[in-house]
Amino acid sequence: MLNEKEELLAYTTKPDYRTADKHTYLGRFNFDMLTKFIGLTRVLTIVARGYMFESGEANIDRARQALCAWCSVPNKKTDQPKKEGQSETDFRYLHEQFPALVDSKGNGWFYTFVQNTIKFIKDNPDKVSKYDQKKPDKLKGFASAWRKKVMQYQVPLYSSKTQGSFLIHFDDILADAFEQGALQNKDFELSPEFTEQLISATPKGVKPEVLITLYKYYMANTQIGTDWVILPVTNFDAYFGTTAFGRRCLQLLKEANIIETETGYGVSRYLLKV
């Protein structure tokens with residue numbers, strides 16, 4: 001969550017399933033992200049920033065194409081030709097420009113990741129939890145749901161077709177990417193003394209690395225004019241490999257008067273009191 005360049009690799013390179021287990025096979029994702037598409041704002045922004053600033057100067061058109069490639073869903077043989085004004089969702093023509101993001105058949109990185117996840121669960125029931133073994137059933141309609149979502153992403157902000165339920169547009173992502181700039185490694189070292197203070201302040205039921213990471217993220221992302229920092233809860237859940245972060249750890253830290261939080265739609269803003 002601090003090393004954004006490393007995070008980009010997690011969203012654009014092929015996972016190594018040979019060493020995967022129940023704690024690692026989902027990488028930087030969890031099932032809320034795969035089934036409800038919660039938490040994808042940060043993912044898409046990281047991808048956009050990674051390609052927007054490849055040459056140093058901002059290239060918004062290239063970033064938009066990278067988003068399209070990453071989100072690509074292959075057309076079905078029974079699909080009818082797109083109507084005039086209807087958004088495309090199969091971006092196989094971008095394969096040569098973005099071979100890591102979409103293949104020649106229109107399978108985008110995210111679509112491929114979900115299909116590989118389903119296969120991994122079915123082929124390796126001993127490497128996933130009993131709870132996760134049932135997840136492929138919830139992903140049966142993924143292709144159709146994702147295709148619809150990708151069409152929504154492409155609707156212009158001020159289009160008459162825009163609905164309140166369209167929480168993300170590519171235009172929003174690109175604006176955020178442009179404002180945030182090139183990817184950075186924001187990690188830094190804490191003094192041994194302060195690290196011990198954080199460990200001592202960590203309430204029971206929360207791992208020390210959770211508070212340490214939260215502190216670093218807070219310090220690295222504090223902006224002028226406010227003491228509050230946006231916390232992408234779903235992405236932190238995926239980073240730590242457990243939904244306990246959002247469901248339990250934040251509440252325990254709040255009860256210990258270490259942070260204040262306000263949460264909604266998988267995103268929280270928080271104020272650190274350490």
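Modeller: Helix α10 (residues 208-221) and helix α11 pack at an angle of about 135°, with their axes 12 Å apart. Helices (H or I, at least four residues) and strands (E, at least two) are DSSP runs, numbered from the N terminus. The axes are lines fitted to C-alpha atoms, for helices over the stretch in contact, and the angles run from 0 to 180 degrees between N-to-C directions. The angle makes α10 oblique to α11, because angles under 35 degrees count as roughly parallel, over 145 as roughly antiparallel, 65 to 115 as roughly perpendicular and the rest as oblique.

This is a predicted model, in which local features need pLDDT of at least 70 and side-chain atom pairs count only at pLDDT 80 or more, while totals for chains, interfaces and linings use all residues. Residues are numbered from 1 along each chain as its sequence is written, and side-chain values use heavy atoms, with hydrogens and water left out. The pLDDT is the predictor's confidence in each residue, from 0 to 100. The protein averages 91 on this scale, and 92% of the residues score at least 70. Helix α4 (residues 60-71) has the highest confidence, at 98, and strand β2 (residues 259-264) the lowest, at a mean of 79.

To return to the pair: the crossing of α10 and α11 is right-handed. A crossing is left-handed if the near helix is turned anticlockwise from the far one by less than a right angle, and right-handed if clockwise. From α10, the residues E209, V210, T213, L214 and Y217 meet F236, Y239 and F240 of α11; contact here means heavy atoms within 4.5 Å. These residues divide into 6 nonpolar, 1 polar and 1 charged. In this grouping Ala, Val, Leu, Ile, Met, Phe, Trp, Tyr, Cys and Pro count as nonpolar, Asp, Glu, Lys and Arg as charged, and the others, Gly among them, as polar.

Helix α11 (residues 233-240) is largely enclosed by the rest of the structure, because 6 of its 8 residues are buried. Buried means under 20% relative accessible area, exposed over 50%, and partly exposed in between (1.4 Å probe, protein chains only). The buried residues of α11 are V233, T234, N235, F236, D237 and A238. Among them, F236 also takes part in the contact with α10. After α11 comes G241, which has a positive phi near 75°.

A second pair is formed by helix α3 (residues 40-52) and helix α8 (residues 170-180), which pack at an angle of about 60° with their axes 9 Å apart. That angle makes α3 oblique to α8, and α3 passes α8 in a right-handed crossing. In α3 the residues T41, L44, T45, A48, R49 and M52 meet I173, L174, D176, A177, F178 and Q180 in α8. This contact is made up of 7 nonpolar, 3 polar and 2 charged residues. An α-helix has 3.6 residues a turn, so residues three or four places apart point the same way.

F110, Y111, V114 and Q115 of α5 meet F142, A143 and W146 of α7, giving 6 nonpolar, 1 polar and no charged residues.

W70 counts as buried because its relative accessibility is 0%. Leaving aside neighbours within four places in sequence, W70 is in contact with Y11, F29, V43, L44, V47, L101, G108, W109, F110 and W146. Of these, L44 also belongs to the contact of α3 with α8, while F110 and W146 belong to that of α5 with α7.

The C-alpha atoms of K36 and A145 are separated by 9.2 Å, although the two residues are 109 residues apart along the chain.
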